[in-house]
Amino acid sequence: MRHDAPSYRVIANAAWSRAKRKYDPRTLPGWQPYSLDQPVRFNILFATRAATWNFGTRLTVVSGNPARVVPEGTLLGEMDTPSVLTRLPTFWQLDVRVDRTWDRRWGELRLFFDIQNVTNHRNVEARDNRIEFDPQTNQSHYEYDDVLGIPIIPFIGVELAPN
């Protein structure tokens, strides 16, 4: 969807898709979700202009990637317990951009300021199994650590588009 008004623009899109593949049938029979399978994706963008500057923001929400983990607390000796297919938490991010363009005889010069993940939301990118030893029970068991994504990332740049 897109809506253009004299003073602003709103663009929204939503997508539903699946990405599956067949792995080695001895380990994972049938069709399995691919590691980058994100069935639900939603974006909304809002942009406006103030004097000679453009201001925009984008919100992205995506279902988390699938991950195979051994359930937390599984004892190390219980290797008959298979890894479980789970989905990582929903990913979301808010980005902001400010830019200005100068038209010249030889082309366009654009100065921009981008801030990705302006809310500093640390999304879970992956989940790693690790083995933890419990001295009270004298046994080892599985736990996992979440690998977190990037924090706020600012960009300042200049673009030149010659005629």
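Me: With which residues is Lys-22 in contact, leaving aside its neighbours within four places in sequence?
Reply: This is a predicted model, in which local features need pLDDT of at least 70 and side-chain atom pairs count only at pLDDT 80 or more, while totals for chains, interfaces and linings use all residues. Residues are numbered from 1 along each chain as its sequence is written, and side-chain values use heavy atoms, with hydrogens and water left out. Contact means heavy atoms within 4.5 Å. On that criterion, and with neighbours within four places in sequence set aside, the partners of Lys-22 are Gly-30 and Trp-31.

Me: Is Lys-22 buried or exposed?
Reply: Lys-22 belongs to strand 3, residues 20-22; strands are DSSP runs of E with at least two residues, helices are runs of H or I with at least four residues, and both are numbered from the N terminus. Buried means under 20% relative accessible area, exposed over 50%, and partly exposed in between, with a 1.4 Å probe and protein chains only. Because its relative accessibility is 53%, Lys-22 counts as exposed.

Me: What distance separates the C-alpha atoms of Lys-22 and Tyr-34?
Reply: Lys-22 and Tyr-34 are 12 residues apart along the chain. The separation of their C-alpha atoms is 8.8 Å.

Me: Which side chain forms a polar contact with that of Asn-43?
Reply: Asn-43 is located in strand 5 and, at 16% relative accessibility, counts as buried. Beyond its neighbours within four places in sequence, Asn-43 is in contact with residues including Ile-11, Asn-13 and Arg-58. A polar contact is a pair of N or O atoms within 3.5 Å; within protein, one must be able to donate a hydrogen and the other to accept it, and residues adjacent in sequence count only if both atoms are side-chain atoms. At 2.8 Å, the side chain joined to Asn-43 by such a contact is that of Thr-60.

Me: Over how many bridges do strand 5 and strand 6 pair?
Reply: Two strands pair if DSSP finds at least two bridges between them. Ala-47 stands opposite Gly-56 in strand 6. Strand 5 (residues 40-50) and strand 6 (residues 53-62) pair in the antiparallel sense, and the number of bridges is 10.

Me: In what order do the 7 strands of the open sheet stand?
Reply: The chain has 0 helices and 13 strands. The pairing in the open sheet of 7 strands is antiparallel, and the order is 1-2-5-6-9-10-13.

Me: Which loop holds Asn-120, and which holds Asn-138?
Reply: Asn-120 and Asn-138 are not glycines, yet Asn-120 has a positive phi of about 60 degrees, as does Asn-138. Asn-120 is partly exposed at 37% relative accessibility, whereas Asn-138 is exposed at 58%. Asn-120 lies in the loop between strand 10 (107-116) and strand 11 (124-134), and Asn-138 lies in the loop between strand 11 and strand 12 (139-148).

Me: What radius of gyration does the chain have?
Reply: The radius of gyration is taken over C-alpha atoms, and the globule rule is 2.2 Å times the number of residues to the power 0.38. The C-alpha atoms fill a box of roughly 75 × 40 × 30 Å along the principal axes, and 21% of the 163 residues count as buried. A compact globule of 163 residues would have a radius near 15 Å, but the chain has 23 Å.
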